[in-house]
Amino acid sequence: MTRYIAAIDQGTTSSRCIVFDHAGAIVSVDQKEHRQIFPRPGWVEHDAEEIWINVQTVVEGALAKLKITAADLAAVGITNQRETTVLWDKATGKPVANAIVWQDTRTDRLVRDLGGAAQGGQGGGQDRFRDLCGLPLATYFAGPKIRWILDNVDGVRARAEAGEVLFGTMDSWLIWNLTGRHVTDVTNASRTMLMNLQTLQWDDTLLSAIGVPRAMLPEIRPSSEVYGEGSSALAGVPVASALGDQQAALFGQTCFSPGEGKNTYGTGSFLLVNTGTTPVHSKNGLLTTVGYKIGDQAAVYALEGSIAVTGSLVQWVRDNLGLISSASEIEALARTVDDNGGCYFVPAFSGLFAPYWRSDARGIIAGLTGYINKGHIARAVLEATAWQTREVVDAMSADSGVALTTLKVDGGMTANELLMQFQADVLGAPVVRPVVPETTCLGAAYAAGLAVGYWPDIESLRANWQKSAEWTPTLPAAERNRHYRKWKKAVQRTMAWLDADDEG
Ligand code: ADP
């Protein structure tokens, strides 16, 4: 049997290639950051060509470090930053503009108009399309980003209508470059606002309301199947999975049964819970999304609480304030003080995502006094992640009627002991981290391995999950509740900051 499976994780800040063995252990890694392009306040772009070059570089790097070639890989899987939107010329393969990243808020007005248009009789507002696609109207999703490019880049709409300009999220862009096929997987498609959650196909009502021509859209395929054979460093290797990064982490954490869930702490944080083969519609500000679809089996759905800014707040403290020189230093800085000194930091940099979905909110540091020093700010920065997670967990419990018993975690911020302990404290529930922290890549590798028979079934994957660390709550409930009230008060102070004449 071929020895290894590779996964490509095309993330928000970097692209990574990880090679796994049959036990699901990491045997090689390579990673490269790409440029974050900020043309205006609220705008965030990536250069899709730079990303494709970086992906090839990290694949070559990961294979070279292990001294193997494509012939040693049974398959490659893809996982990616979701919603980030790229349009390219079908004939030349060149992007028609920079990719618009998921955090970008330039579609704020368009999104408000789409919601407002519904209020004159059709009802709905922000929830106008929720029944069809499971999502609230928000700048986050791909559909309005496509529409923005069609409206603002000369000549693109006519060419898109003729099928000469193609749309894809990063999975699609990479599969196109690797195999020449224009496809996307069902989890990525479920983040566009253009896919019907029941039929798992593009929906004409959504396409015409948002203004996106069908001719430019990829074919929607299962998350785990062979899409084609790779090229260059991956010549001949089956490209056998695609999953949005958060769905991949759900898969990598082996959350295969209804009620099982995980929280990933990266640039943002994303808590997903498997809800089985029927979509559950949220009444508490969560998203309904596709968790995964293996071959011709029924799709599995998930409820998701998405938080826009968590790890990126630590980067902001490093890059914009210069209080630390690396992300990991935030823990030592926070430990210079015993508590937050009454200071709360709500990082509503691109509005608030779950459970509020307020694009008019902007960030705030509340409770400032002459006593507050940089240690308190560092603590407030870390606590912001834990409180935002608590709000999402509360929404999950309200939607499902079931209280959280344990939280499985992964992602870069889980290296932070202070944060993980505080997370257990504010949830009043244990937090557990698996041995393999790279669950996103692992999930993509698992899905690809299933498609080619490298692993026989999902039960064989469950056996690979092992705990590496656990944090149990110690904070008295009364204290937790007092802090939580203050946090909620600070959140209220961020709302309605943008006025009608603000640009975003
Ligand atoms: P992504 O996949 O979204 O790029 P990662 O899972 O690699 O993210 O996590 C990186 C994020 O975690 C960065 O935003 C960084 O600021 C944050 N981070 C990394 N290490 C720490 C740490 N020790 N404490 C707090 N935050 C951290």
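What is the volume of the largest cavity?

Author: The largest cavity has a volume of about 90 Å³. A cavity is a set of points, on a 1 Å grid over the protein atoms alone, where a 1.4 Å probe fits but cannot get out; the points are joined across faces, edges and corners, and the volume is the space filled by probe spheres set on them. Its lining consists of 15 residues, and Ile307, Leu352, Phe353, Ala354 and Gln388 are the closest to its centre. Lining residues have an atom within 4 Å of a point. The elements that contribute two or more residues to this lining are α12 and α16 (477-494). Helices (H or I, at least four residues) and strands (E, at least two) are DSSP runs, numbered from the N terminus. Three cavities of 30 Å³ or more are counted in this way.

The model is predicted, and local features need pLDDT of at least 70, side-chain atom pairs count only at pLDDT 80 or more, while totals for chains, interfaces and linings use all residues. Residues are numbered from 1 along each chain as its sequence is written, and side-chain values use heavy atoms, with hydrogens and water left out.

The largest nonpolar core has 107 residues, and Leu87, Tyr140, Met195 and Met216 have the most contacts inside it. (Such a core is a set of buried Ala, Val, Leu, Ile, Met, Phe, Trp, Tyr and Cys residues joined through side-chain atoms within 4.5 Å; buried means under 20% relative accessible area, exposed over 50%, and partly exposed in between, with a 1.4 Å probe and protein chains only.) Helix α12 (residues 374-400) gives the most to this core, 12 residues. If residues up to four places away in sequence are left out, Tyr140 touches, among others, Trp102, Phe270, Leu287, Phe353 and Trp357, where contact means heavy atoms within 4.5 Å. Phe353 is also one of the residues closest to the centre of the largest cavity.

Next comes a pocket. A pocket is an open set of grid points with protein on both sides within 12 Å along at least five of seven lines. The second largest pocket holds about 460 Å³ of space. It is lined by 23 residues, and the closest to its centre are Gly259, Glu260, Gly261, Val273 and Leu404.

Arg433 has Ala469 of β21 opposite it.

The loop between β13 and β14 holds Gly266. This glycine counts as partly exposed because its relative accessibility is 27%. Beyond its neighbours within four places in sequence, Gly266 is in contact with Thr310, Gly311, Ser312 and Met413. From Gly266 to Thr12 the C-alpha distance is 9.4 Å, although 254 residues separate them in sequence.

A second sheet remains. It is open and has six strands in the order β3-β2-β1-β5-β12-β11, with mixed pairing. Within it, β1 (residues 4-10) has seven of its seven residues buried. Six bridges join β1 to β2 (residues 14-20) in the antiparallel sense, and a hairpin of three residues connects the two strands. With β5 (residues 73-80), β1 runs parallel, through seven bridges.

Methods
Two strands pair if DSSP finds at least two bridges between them.
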